[in-house]
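I am opening my notebook on this structure. I want to write down what I look up, one item at a time.

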Amino acid sequence: MPIRRPQISLSALGGGEGRGEVGEIQASPDRTAHLTLPVADATGPLPLPPQAGGEGKLGGYRPTRRWILVAAAGAGLPSLAPKATATEATLAEAIRELTGEAPLERGRVTLELPSIVENGNAVPLTVSVESPMTEADHVEAIHIFNQKNPQPYVAAFHLGPRAGKARVSTRIRLADSQRVVAIARLNDGSFWSDSADVIVTLAACTEQ
Amino acid sequence: MRSLFGAALALVATIAIAAEIAPEARRSGHDFDSPETRAMQDDGTANPGMLWVSEGEGLWAKKAGTAALSCRDCHSDAQTSMKGAAARYPVFDTAVGRPVDLEQRINLCRTEHQRAEPFAWESEDLLALTVFVAHQSHGLPIAEDDNPELKPFSAWGDELFHRREGQFNLSCSQCHDDNWGKRLAGSVIPQGHPTGYPVYRLEWQSLGSLQRRLRNCMTGVRAAPYDYGASEAVALELYLMERARGMTIETPAVRP
Amino acid sequence: MARVLINLPERAKRGEIIEIKTLLQHPMETGYRLDSNGAKIPRDIVNLFACTYNGEEVFRAELFPAIAANPFIAFSTIATESDELVFSWTDDDGQTRTETRKIIVE
């Protein structure tokens, strides 16, 4: 049975301007324009400036929230770090749901995302894993998570030795500047990950 | 109506024209896009606009209306008959006495020859047919007719382009002639050439027409946008195409 | 009917890794948008994409609302036999759209 045509066309939504256009009356009054950097309720580390080469990969030292918490605790000061938001917690939960008690190693996975995008509605993503992709040693699945969308899941790609190589591309929606995480599960049960920070200059999913 | 255009011509003569872009300095919006957006357009297998081109190809062959005719019945193979067509639009339509754009031309065929209901503006079917026809001019230079009957309308479009409007009291020219290449919030201001319409706009998550995009701009300066199909809209389209004369058509383009 | 574009080589050498690109026309309605009356537009996405090659599943993707409209998915597989590749997209209503392509493997 064929997938039916969409009931509500994305084009010319209810009078023509589409979502997110400047001046559109149904935009929620408290919704920030997401024109540049995230606003004060951002909880993660501030986005890095675009890297040369534009991969958006984290590189070098950068103070994490944990570092700040530890340092603050050590200095006897109240915690300088803002509390984790609901979405931050769900990202961590979603990852834990996948990995269980198994450790999450960094490496082998390369998540390619632009470090800054003009529009969060269609952000090209490529994820690849160093793997011979043989019966004995291959990637079984690659899971993509996000930090600030309404839900933490993006996609789960299921591969296997017939893939030849572990490399998948797609386009994703990012509602705000945020971190994206890719986790690969190998056939030996190990989990490997990479993450990338993306600055979004126009929001995609959330209406509020 | 004649007096209106006479007045428009006189008005144009008295308005100081803002700094126009030199012909050799004209660049497509494609050049201002991020590498990722450019790649999305350039790869025909990944360009979402091509989905509508494929749809349009199907509609081209579909019989419609009480005349039970398809586009193909009169125009046969679009790759031949429609090559270069979009490059010339808007054209002056003698029967209606004013320029019509490609969407209007398709609807004129639909009502007069196929004897079917016209497509609604921004409907999936009209977008698909328009982008399919326009895609047949991909790679060709924009080549507006030198028809003297178009002159008053392109002068009107010229005036509209340079006229301040909306609560922000900005004209198209102030952004797209005077400040192209600079940033408005997070986005780079392009020169505003309609080289790739209908365009897949990431903001819309869909294909859309030039008129839709122009309406977005007008809402952006807090002006009441022209109705779809309004004479002002077509006059402005006409002026924009003349301003972009010689530039290469890249339909379907991808833009943020 | 929603359009599909599938790109894969017509022929390949046995053992060669081939790239497959797929593009489906679908709004991937997230369920978070509001219509012009302020009512939530119900979620309507393709939540599963799968590819089988000579009868065996070689790739599967679970999709969520964070996948962009008109979903683009590119993946690879090893050219084993001359046979059919069957691509299927399943939406939230359980409707499945299927496309078949042949490949010649030398």
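I looked up which residues of H3(B) and H8(B) meet. On the H3(B) side they are B:Gly49, B:Trp52, B:Val53, B:Glu55, B:Gly56, B:Glu57, B:Leu59 and B:Trp60. On the H8(B) side I listed B:Asp125, B:Leu127, B:Ala128, B:Leu129, B:Val131, B:Phe132 and B:His135. I sorted the residues of this contact into nine nonpolar, three polar and three charged. I note here that the model is predicted.

Next I looked up how the two helices are placed. Two packed helices are described by the angle between their axes and the distance between the axes. H3 covers residues 49-60 of chain B and H8 covers residues 124-135 of chain B. Their axes come within 7 Å and cross at roughly 95°. H3(B) is therefore roughly perpendicular to H8(B), because angles of 65 to 115 degrees count as such.

I then turned to a sheet in chain B. Three strands form an open sheet there, in the order E6-E5-E7, with mixed pairing. Which strands are at the edges? They are E6 (206-208) and E7 (254-255) of chain B, and each pairs on one side only. Strand E5 of chain B, residues 199-201, is joined to E7(B) by two bridges, and these two strands run parallel. I found B:Arg201 opposite B:Arg255 in E7(B).

Last, I looked at chain A. I counted two helices and nine strands in chain A. Chain A has 208 residues, and 40% of them count as buried. Of the contacts in chain A with a separation of 6 or more, 69% are between residues 24 or more positions apart.

Methods: Residues numbered from 1 in each chain as written. Chains lettered and ligands numbered in written order. Predicted model: local features only at pLDDT ≥ 70, side-chain atom pairs only at ≥ 80, totals over all residues. Helix = DSSP H or I, 4+ residues; strand = E, 2+ residues; numbered from the N terminus. Buried ≥ 20, exposed ≤ 12 C-beta atoms within 10 Å, placed from the backbone. Contact = placed C-beta atoms within 7 Å. Pairing = 2+ DSSP bridges. Axes fitted to C-alpha atoms, helices over the stretch in contact; angles between N-to-C directions. Parallel < 35°, antiparallel > 145°, perpendicular 65-115°, else oblique. Nonpolar A, V, L, I, M, F, W, Y, C, P; charged D, E, K, R; others polar.
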